[in-house]
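Welcome, and thanks for taking a look.

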Amino acid sequence: MSAVLTFTPEGIYCPAGDFHIDPWRPVPRALITHGHADHARSGMGHYLSTDIAAPVLRHRLGDIPIDTIRYGESRQIGGAQVSFHPAGHVPGSAQIRVEVAGEVWVVSGDYKTVADGLSDPFEPVRCHAFITECTFGLPVFNWTGQQDLTAQINGWWADNAEAGRVSMLGAYSLGKAQRLMHLLDPSIGPILTHGAVEGTNAVLRAQGIALPDTTLVTPDLDKAAKDRAIVIAPPSALSGTWAQRFGASRSSAFASGWMALRGVRRRRAADRGFVVSDHADWAGLNEAIKATGAEKIFVTHGYTSVFRRWLEEQGYDAHIVSTEYEGEGLDTPDTEAETP
Ligand SMILES: [Zn+2]
Ligand SMILES: [Zn+2]
């Protein structure tokens, strides 16, 4: 039986339907899992994404020829039957299911199995072959639960507010920033945002996704507005001159899966690290893979060789494929553009 999907220099390709999924070079037809820049690139002849992901794609890529599809809706493309299913990664993110002559392959894009209260929760899709990332494919990566995370972040913010410090929270601008905002207790103080974060907020609000009130940080923002404030900004902005407008009395924190590693926390000189990610942790990866029922697994990026070996020991037919996707970074977070 010929493969449902193949791995080409342009990206993941479906010969039966003559389309690519999250290609990294220009192709005529691209199916896109979500709006992060390593998955949604410019220059494609035509795009297909979920209706929820499309506004962010337009915001980032401009006036592109794009068609949308709802979660669970089925579409015939050439000899392939295609549908998109929630990946729980960021609002609108999808796993793409491709069926050709009864054989089902799923491209997961980026995903997490824990519900974040903002994205449609991850939905396991049964398949014969599953293509997965493994950014955090080591047992040391174990995320803080949503409830504990909420208490930790609000506790840190409240302590800072009492002590007259501004709370600076680094989180990438599509997904993580909004997800954390969603957990904040606005009775503690005002929520201020960097332009890159606020740009995404505006797109999501316009499509009906509820977010707490935020104030964009501008050069003329008065001093009173900064009192008891929490500032949400891309991680790179926290160490630069941008952050200096908040004075010397500030506390910086990063919210990232990498905060699980003590060495990374130390090197970043962050006052606090919150262990959270929009990618699956070790347990999440294993749980998601098992739930697909797939025998054949392809790992695309992350701790690929260790994780492939682990899967093989569990009885899977596991392979590494080389792609141009990137996992969660700290300074190049999901390779997004940090411009407003
Ligand atoms: Zn992503
Ligand atoms: Zn990615």
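Two strands count as paired if DSSP finds at least two bridges between them. Helices (H or I, at least four residues) and strands (E, at least two) are DSSP runs, numbered from the N terminus. This is a predicted model, in which local features need pLDDT of at least 70 and side-chain atom pairs count only at pLDDT 80 or more, while totals for chains, interfaces and linings use all residues. Residues are numbered from 1 along each chain as its sequence is written, and chains are lettered from A and ligands numbered from 1 in the order in which they are written.

- Six strands make up an open sheet with the order 1-2-3-4-5-6, and the pairing is mixed.
- Strand 1 (6-8) and strand 6 (66-69) are at the edges with a single partner strand each, so one side of each has no neighbour in the sheet.
- From one strand to the next, the twist averages 30 degrees.
- Strand 3 (residues 19-21) and strand 4 (residues 29-31) run parallel and are joined by two bridges.
- Within this pair, isoleucine 21 is opposite leucine 31 of strand 4.
- Helix 1 (residues 54-61) packs on the sheet and touches strand 5 (46-50) and strand 6; contact here means that C-beta atoms, placed from the backbone, lie within 7 Å.
- The direction of helix 1 makes about 160 degrees with that of strand 6; axes are lines fitted to C-alpha atoms, for helices over the stretch in contact, and angles run from 0 to 180 degrees between N-to-C directions.

- Another open sheet of six strands has the order 14-13-15-12-16-17, with parallel pairing.
- Strand 14 (215-216) and strand 17 (272-274) are its edges; each has a single partner strand, so one side of each lacks a neighbour in the sheet.
- Three bridges link strand 16 (residues 250-255) with strand 17, and the two run parallel.
- Alanine 253 faces arginine 272 of strand 17 as its opposite residue.
- Helix 2 (residues 146-162) packs on this sheet, touching strand 12 (166-170), strand 15 (230-233), strand 16 and strand 17, and its direction makes about 155 degrees with that of strand 17.
- Helix 4 (residues 195-206) lies across strand 13 (191-193), strand 14 and strand 15, at about 100 degrees to strand 13.

**Where two helices meet**

- Helix 1 and helix 4 pack with their axes 9 Å apart, at an angle of about 145 degrees.
- On the helix 1 side are Pro55, Val56 and His59, which meet Thr200, Val203 and Ala206 in helix 4.

Note on methods
Two residues are in contact if their C-beta atoms, placed from the backbone, lie within 7 Å.
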